[in-house]
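Hi,

Here is the model I said I would pass on. Have a look, and my notes on what turned up follow below.

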Amino acid sequence: MGPSPEDTDRGPRSQLTDIGRSLRSHVTDIGRSLGSHLGRIGRELPGQLERIGRGLLVFLTHIGRGLRSAGVGAHRSVRSYLAGIDRDLRPYLIGFALALILTAIPFALVATNPLPKPTTLIIIAVAAAIQVLVHLRYFLHLNLTSTPRENLVAIVFTAILIVLMVGGSFWIMFDLHNRMAM
């Protein structure tokens, strides 16, 4: 199907005019669509920002209560603050605080570099091992003394796999380092 005789009779100028009208129509449609999407976003954004603000306010209120009660005495304020928190949430908060501390210690050691390198590496490894135990206890709720046999087997198997993978990775890296140094 070639061009119709009417199209061939019309010159390039009229064809360009048609193309311009078509483009203008498409741009107008895109503009309308974009305007409706932006309008919808504009209508929904304040509600979403309000929900985020309320969540932040609740979070900051909890922090403020903890800081305000810290003036009473560290031990008593933490106990009184934790007494007001739901029993289901308490182990997660304790585990989170311990995980933060056990993460901050290696970061501070590496950032300030106050100890010799081997000592720093030992402290980092010990903090990592303790943090694994914290995660097992407070987040996975596994207690090694009263754990069923299946859970204990799974934990041991996972530990063996991790030791093999980490040890193998170090072995490969040190071997490559020694080969590159030659």
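Predicted model: local features only at pLDDT ≥ 70, side-chain atom pairs only at ≥ 80, totals over all residues.

The helix α5 gives the largest share of the lining of the second largest pocket, 8 residues. (A pocket here is an open set of points on a 1 Å grid over the protein atoms alone, where a 1.4 Å probe fits, with protein on both sides within 12 Å along at least five of seven lines; lining residues have an atom within 4 Å of a point.) About 390 Å³ of space lies in this second largest pocket, the volume being the space filled by probe spheres set on the points, which are joined across faces, edges and corners. Of its 15 lining residues, Ala128, Ala129, Val132, Ala159 and Ile162 are the closest to the centre. The elements that give two or more residues to that lining are α5 (117–139) and α6 (149–181). By class, the lining has 14 nonpolar residues, 1 polar and no charged ones (nonpolar: Ala, Val, Leu, Ile, Met, Phe, Trp, Tyr, Cys and Pro; charged: Asp, Glu, Lys and Arg; polar: the others, Gly among them).

Residues are numbered from 1 along each chain as its sequence is written, and side-chain values use heavy atoms, leaving out hydrogens and water.

Cheers

How values were computed
Helix = DSSP H or I, 4+ residues; strand = E, 2+ residues; numbered from the N terminus.
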